[in-house]
Amino acid sequence: MNQRQFTELFEADSKYRAWFKAWWDADYSVEGCRKSGINFPRAYSFAEFSGRRWTYGRSPPHDPEGRPNSEFTPLNHQSPIGNILHEFGPDLRGVWLFNFDERRLLGNSLSLNQALVLGRLAITGRNLESLSLDDAYVAGAVAVTSQVSSGISMARVTAHEVEISNARATVTLTDAFVRDRVAIQANALVLMERLRSEGAVHTSGDVRAERLRCKALTISGLNDSAFGRIDHSKILDQVQISGGAANYYLSAQDVQAGALSLEGVVLKRADFTRSRVNGRVKLGASKIAELDLRSGILTDLEGRGANIEFLRLDEAAFSGSVGLPGLQCETLVFTRSKCRGYCDLSDARIGTVLSAEEAQFEGRVQLSGAQLRGIVHLHNARFGAGLIARAGTSEFAADVGRANFLGAKFAPAADEICFDFDRRRFLEAATFDSAEFLGLAEFYGCEFHENVSFRNVKFEIAPSPYATGSRWTWVLSAGRALKADFDTEFYKLTNFRRCLREPPNPAAQLSENARLASYERAYNALRQRAEEINNAKYERFFHTLELRARRSRRWDRDAPPTENALSWLYDVSSEYGQSVSRPLIVLGLVGWIGFAAVYWTVAAVWSVEGALEALQFSARQIVKPFTVWSRDVNLPAVPRGSETLAGGWIENLFTGCSPVADLLKSLLVRVVGSVQSVVALALLFLSGLAVRRAFALS
């Protein structure tokens, strides 16, 4: 390589320009070497260039402005390395070498600080005490296979490739730049802070690689006393940790990586807090005492059969899925995390705590067969496609410890199942207060603890996926049927009868009824679970849900229209005998004021006094049922003060028309009064029944 090629390199390569400026400022001229105590052979003549005198081997190919030096010749262009070492000694700081390939270095220390090697630098001797390449520029590869006992220092080096093996002391690559791969095998500390590598980095042992930048990173050869740190690093492709050491601690906070592999690794602790991984995080067959992925931005997390005692995923965001089937874990924390895909924890063994407080899962969460004997804490969690946690067949696979579903929201997937805890056995308290089940909630074969709570819980039937037609559609269809009957044979009502018997869309209605029947069976199962623990309140609550699901079916022989109508009236008037106040409210609005409006209309006395008299007459039918048939019905409702007005209003209520019309009018008023009395008695009975049930009175 001649001076012209160096000037071209000076113009094209910023790394080389920066290195040359630092080299020039260090002053390796004759005077500079004398000041620094650097040995140089005095047998060679000194050459003048750019205002300085230079000795052979340290004369530069150009000046800081890029002007070439016609006298430049690298050291071992013709001389072998052995001769150079004999003449220069082990101190080769600032020299310009064509290449360096030496196998006879035994028991020496070698310094190539701020040297430039145009080709390959290879040291294959044995028992080298120390090697220093600080601030060196190596155009080729650096290969050190000899045993270095005191340390290898390559701080701020620039090289094409670095390969070091058999190092017995500290290896330093701090602030270095490597254009290709870095491979280090050492049984001591490896310092790679702020290392920049355009290739892969493979290292072992005790690693310090804070703010590392490389294409891929592999750390192997872990030992029990080692501590690794790769905080604030950026790796374009995969970070792979391999090997096993039960006491190894890896700190990798704020790391950015294309993927992360911890498969088969054995670690005491791995801290990836606030890290960002664009690809998969693999944990298969790993054994880690504590894995911390808090506040991470991740894509997919997978690891079948991983053994992690404490897995922290607090506030982590997964753009993909979490697949950890068969996970063995004591504590698993999803607090305030977000997952856009599915979460598979089937057949997992979670011994102490499963916490997903305020977590959001857009995909389905699968816990089928998982052992949940500890605390299950899902306070205010959101499940966009349901939670499936059917019991498994293995020992303790049905047990659930203390469970907290307070304020959780369960939305269904395509199969409409939003919550499935089939055959689970709740060993301790279970809280479902203020939870929302927006689809099918299945508790078939469950066993509740006596301390179970469903206060303010919300159960909803998911919107129908079938186009069965609305009620208004049926009304229009019935109207068209009546018109067709009127145009042909109206007295037979052939089309109208067919409209009553058959829905507008029979196939869709059949599927819809089957869907509603599944909700009815699910609520029936919950009612049975409440009955098993002798909780009459929740038994009535789930029975109400069961009846509502039943009456939602249309054109079903098991749910005839008459039964549905009575069921609706029973629900509206008293919530199936559960509400104390609703029957009284209905009695006041309908049983009193509503019937008073009817009486006021029939009497046709349009005044305030007439309205008050109608209210009083309506109240008499409630307080004294069926008095409308008694002889004193024509007596004034107000005995003193306004007898004339009251008596006149009563006469207008029963008479005021022709004799035949008066008879019909009187009969109508008595029938309406009888209906009012029946309604009032029924509502009072329902209110009393609710009181009896509320206070468990016999």
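Colleague: Over the ring of which residue does the charged end of Lys 15 sit, and how far from its centre?

Modeller: Before I answer, please note that this is a predicted model, in which local features need pLDDT of at least 70, side-chain atom pairs count only at pLDDT 80 or more, and totals for chains, interfaces and linings use all residues. Residues are numbered from 1 along each chain as its sequence is written, and side-chain values use heavy atoms, with hydrogens and water left out. A charge is said to sit over a ring if NZ of Lys or CZ of Arg is within 6 Å of the ring centre and within 35 degrees of the ring normal. For the charged end of Lys 15, the ring is that of Phe 177, and the distance from the ring centre is 4.4 Å.

Colleague: Which residues does Thr 158 touch, and is Thr 158 buried or exposed?

Modeller: Thr 158 lies in strand β11, where helices (H or I, at least four residues) and strands (E, at least two) are DSSP runs numbered from the N terminus. Contact means heavy atoms within 4.5 Å, and, leaving aside residues up to four places away in sequence, Thr 158 touches Ala 136, Tyr 137, Val 138 and Phe 177. Buried means under 20% relative accessible area, exposed over 50% and partly exposed in between, with a 1.4 Å probe and protein chains only. With a relative accessible area of 8%, Thr 158 is buried.

Colleague: What does Ser 165 touch?

Modeller: Ser 165 is found in strand β11, which covers residues 158–167, and at 18% relative accessibility Ser 165 counts as buried. Not counting residues up to four places away in sequence, its contacts are Val 144, Thr 145, Ser 146 and Gln 185.

Colleague: Why is the pair of Phe 6 and Trp 96 called edge-to-face?

Modeller: Rings of Phe, Tyr and Trp (its six-membered ring) pair if their centres lie within 6.5 Å, and planes under 30 degrees apart count as stacked, over 60 as edge-to-face and the rest as tilted. The structure holds 51 aromatic pairs. In this one the ring centres of Phe 6 and Trp 96 are 5.5 Å apart and the planes stand at 80°, so the pair is edge-to-face.

Colleague: How many residues apart are Phe 6 and Trp 96?

Modeller: Phe 6 is buried at a relative accessible area of 1%, and Trp 96 also counts as buried at 1% relative accessibility. The pair links distant parts of the chain, with Phe 6 in helix α1 (residues 3–12) and Trp 96 in strand β3 (residues 96–97), and the two are 90 residues apart.

Colleague: What kind of pair do Phe 405 and Phe 410 form?

Modeller: Phe 405 counts as buried at 0% relative accessibility, and Phe 410 counts as buried at 0% as well. Their ring centres are 6.3 Å apart and their planes lie at 55°, so the pair is tilted.

Colleague: At what angle do the axes of α10 and α13 cross, and what does that make of the two directions?

Modeller: Axes are lines fitted to C-alpha atoms, for helices over the stretch in contact, and angles run from 0 to 180 degrees between N-to-C directions. Angles under 35 degrees count as roughly parallel, over 145 as roughly antiparallel, 65 to 115 as roughly perpendicular and the rest as oblique. The axes of helix α10 (residues 581–603) and α13 come within 9 Å and cross at roughly 170°. That makes α10 roughly antiparallel to α13.

Colleague: How does α9 lie relative to α13, and which residues make the contact?

Modeller: The axes of helix α9 (residues 561–574) and helix α13 (residues 659–694) come within 10 Å and cross at roughly 70°, which makes α9 roughly perpendicular to α13. The contact is made by Tyr 570, Ser 573 and Ser 574 of α9, together with Leu 683, Leu 686, Leu 689 and Arg 693 of α13.

Colleague: What is phi of Arg 274?

Modeller: Most residues other than glycine have a negative phi. Arg 274 lies in the loop between β25 (266–271) and β26 (276–282), and is partly exposed, with a relative accessible area of 42%. Its phi is positive, in a residue other than glycine, and is near 60°.
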